[in-house]
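Hi everyone, thanks for coming. Please have a look at the protein on the screen, and then I'll walk you through it.

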Amino acid sequence: MFKRANYFLPDMHGCWILFFLLILGQFLPVLLLLPFDSGKTWTSAWGGALLYAVGFLPPLLYAWYQGGKAMAEHLPGLPVDVDSPCFGRIRPVLFFLLLITAFFSLVLVLDPLTGAVETPEWFREASEDVYGDSIFWAFVKIAVFAPLFEEFLCRGLILRGLLHRMGPFMAILWSSLMFGLMHLNVWQAVPAICFGCFFGWIYYRTRSFWTVVFLHFLNNATGLLVHFTRPDLDFGSLRILFPRLWMYCSAISVAALLFCAIVYLIAKNIPEKRYDKETLSA
């Protein structure tokens, strides 16, 4: 799949096709299978994980087809690797330590924003069904499948393609907006767009697919751990960890400074990549 994906650089039109194929893939299997699901197979923990993965087949097949067509046409400038890691002057071990620190700093910085969008009770109850009562299958779906498939689609295909069509700021913003919209609800879309911008910038700097998969895994695995150990906590509810408001504000301020310092360090030591702005493949 990666070999063909390296030949597929979607423009904005192609990116929206990928997006709507994903939405179709998420809904169509449910609509087709649930009427025959008398045994609740597809709503079980393992069935839900399998159905989630199947939902990515339409956009992945489209990318596979377009990549194969571009290979046959021998388009100039291709292939462009989905994964071509470069960490500049920062040693990989140090880079990932900085990345983990930056991620948790961003979680704290965004807490007031995500908390401002109040999650209704019905959505919280629906989220319980997503996690289910099986820790293993919840981990497979949320911490394994989601980082792999979503990052491949949003960063490996969409962002990589847009970086060859427009400036990095707009490319990262558009890919992050699509990443947020694919969650189909405002309560997850707000943090998804914010984290998507960070993930996108890291991919833009490093061109490392597995780095953004790791970041996404870290986000989702942390959410799972919190859900099963501290269900009273969530994004936007970290205020309860601080007994005084000034402590909460101070923690956010320190986290913001730390995040900015790490971003500056990464930007200074990992050079920007040059992208050919030609239309290579739709």
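Let's begin with two helices: α7 passes α9 in a right-handed crossing. Helix α7 covers residues 135–162, and its axis comes within 11 Å of the axis of α9, crossing at roughly 60°. Those axes are lines fitted to C-alpha atoms, for helices over the stretch in contact, with angles from 0 to 180 degrees between N-to-C directions. How do we describe such a pair, α7 and α9? They are oblique to each other, a word for whatever is left once under 35 degrees is called roughly parallel, over 145 roughly antiparallel, and 65 to 115 roughly perpendicular. On the α7 side, Glu 151, Arg 155, Gly 156, Leu 159 and Arg 160 make the contact, and α9 brings Gly 196, Phe 199, Gly 200 and Tyr 203. Contact means heavy atoms within 4.5 Å.

A quick word on where this comes from. This is a predicted model, where local features need pLDDT of at least 70 and side-chain atom pairs count only at pLDDT 80 or more, while totals for chains, interfaces and linings use all residues. Residues are numbered from 1 along each chain as its sequence is written, and side-chain values use heavy atoms, with hydrogens and water left out.

Now the whole protein. It has eleven helices and zero strands; both are DSSP runs numbered from the N terminus, helices being H or I with at least four residues and strands E with at least two. Of the 282 residues, 46% are buried. Buried means under 20% relative accessible area, exposed over 50%, and partly exposed in between, using a 1.4 Å probe and protein chains only. If we take contacts between residues at least 6 apart in sequence, 84% of them join residues at least 24 apart.

Let's look at α11, residues 245–269. Its 25 residues reach 36 Å from first C-alpha to last, close to the 36 Å expected at 1.5 Å a residue. The expected span is 1.5 Å times one less than the number of residues. Which residues of α11 are buried? They are Tyr 248, Ile 252, Ala 255, Phe 259, Ile 262, Ile 266 and Asn 269. Here is a handy rule: an α-helix has 3.6 residues a turn, so residues three or four places apart point the same way.

Next, some backbone details in the loops. Most residues other than glycine have a negative phi, and most peptide bonds are trans. His 74 has a positive phi of about 50°, and it sits in the loop between α4 and α5. Arg 207 also has a positive phi, about 55°, in the loop between α9 and α10. Are these two buried or exposed? His 74 is exposed, at 69% relative accessible area, whereas Arg 207 is buried, at 9%. Back in the α4–α5 loop we find Pro 79, joined to Leu 78 by a cis peptide bond with omega about 5°.

Last, the cysteines. Cys 194 is partly exposed, at 21%.

Definitions and conventions:
Left-handed = near helix turned anticlockwise from the far one by under 90°.
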